[in-house]
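Reader: I am new to this structure and would like to learn how to read it. Could you take me through some features one at a time?

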Amino acid sequence: MKKNSCGGQSNSKPDRKAIEKKRRNDMKNLCFKLASLIPHHNFKPSKEIASQQGQLDLAAVYIKHLRERIEKLKRLKEAMRSMEASSSMMERTASVGLTSPVLELRDSGSSIELVLITGLNKNFMLYEVISIFEQEGAEVVSASFSTVGGKIFHTLHAQAKLSRVGVETTRVCQRLQELIKSY
């Protein structure tokens, strides 16, 4: 007697149901593995996360967050490099007598760096400088100052609020010079 090929199952070849079940289990395990890689402080436990779709959505949001953080760190690294360049300028300026404030504005595309060197007797307010940046469409990312000898070195890093529009640095520079002259 011969077995009918339509009615009988062959043991050497897994059936479609088993293959599909294995595929679903593999996908489920991969989704849980992906969800386990996301730090728990980035989400609140909820019903949404229990589903695979929720886990995938959460992973996508976390990846986007990481990309933004990488970009921010790249900008910070660039700012640190420019600060090193500024420190050499500070050393040069410290060795020379300073009679009036020195203003240096560097535009590197989406970010702007300001180095302002004044004497201790110049009492201008840093918030006024920051407000000029904000009025001209820039957001101050960091601001610092240091005192060396009889001079104060102010360093500000800003970026355009709207990268498509940018910031007109000539206008910022002009307004800052007017501010400095008023003191």
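Reader: Where do Lys74 and Glu71 lie?

Author: Both sit in helix H3 (residues 52–95), 3 residues apart, about one turn of the helix. Helices (H or I, at least four residues) and strands (E, at least two) are DSSP runs, numbered from the N terminus. An α-helix has 3.6 residues a turn, so residues three or four places apart point the same way. This is a predicted model: local features need pLDDT of at least 70, side-chain atom pairs count only at pLDDT 80 or more, while totals for chains, interfaces and linings use all residues. Residues are numbered from 1 along each chain as its sequence is written, and side-chain values use heavy atoms, with hydrogens and water left out.

Reader: What do Lys74 and Glu71 form?

Author: Side chains of opposite charge can pair when their charged atoms come close. Here Lys74 forms a salt bridge with Glu71, with the closest N and O atoms 3.9 Å apart. A salt bridge is a side-chain nitrogen of Lys or Arg within 4 Å of a carboxyl oxygen of Asp or Glu. The structure holds 8 salt bridges.

Reader: Which residue forms a salt bridge with Glu20?

Author: Glu20 pairs with Arg24, the closest N and O atoms being 3.8 Å apart. Both residues belong to helix H1 (residues 16–36) and are 4 residues apart, about one turn of the helix. A network of salt bridges links Glu20, Arg23 and Arg24.

Reader: Is Glu113 buried or exposed?

Author: Buried means under 20% relative accessible area, exposed over 50%, and partly exposed in between (1.4 Å probe, protein chains only). Glu113 has a relative accessible area of 4%, so Glu113 is buried. Its side chain meets that of Arg106 in a salt bridge (2.6 Å, N to O). Arg106, at 25% relative accessibility, counts as partly exposed.

Reader: Which residues touch the most other members of the largest nonpolar core?

Author: In soluble globular proteins, nonpolar side chains tend to be buried together. A nonpolar core is a set of buried Ala, Val, Leu, Ile, Met, Phe, Trp, Tyr and Cys residues joined through side-chain atoms within 4.5 Å. The largest one here has 13 residues, of which Leu114, Val129, Phe133, Val167 and Leu176 touch the most other members. Two or more residues of this core come from each of strand S2 (111–119), helix H4 (126–135), strand S4 (151–160) and helix H5 (169–181). Leaving aside neighbours within four places in sequence, Leu176 is in contact (heavy atoms within 4.5 Å) with Leu103, Leu114, Val129, Ile132 and Phe133.

Reader: Which residues of H5 are buried?

Author: They are Thr169, Val172, Arg175, Leu176, Leu179 and Ile180. Seen down the axis of H5, the buried residues fall within an arc of 140°, so they line one face of the helix; the arc is that of the directions from the helix axis to the C-beta atoms. On the other side of H5, Thr170 and Lys181 are exposed. The cover over the buried residues of H5 includes strand S1 (102–108), S2 and H4.

Reader: Where is Glu136, and what does Glu136 touch?

Author: Glu136 is in the loop between H4 and strand S3 (138–148). With 18% relative accessibility, Glu136 counts as buried. Not counting residues up to four places away in sequence, Glu136 touches Val167, Arg171, Val172 and Arg175.
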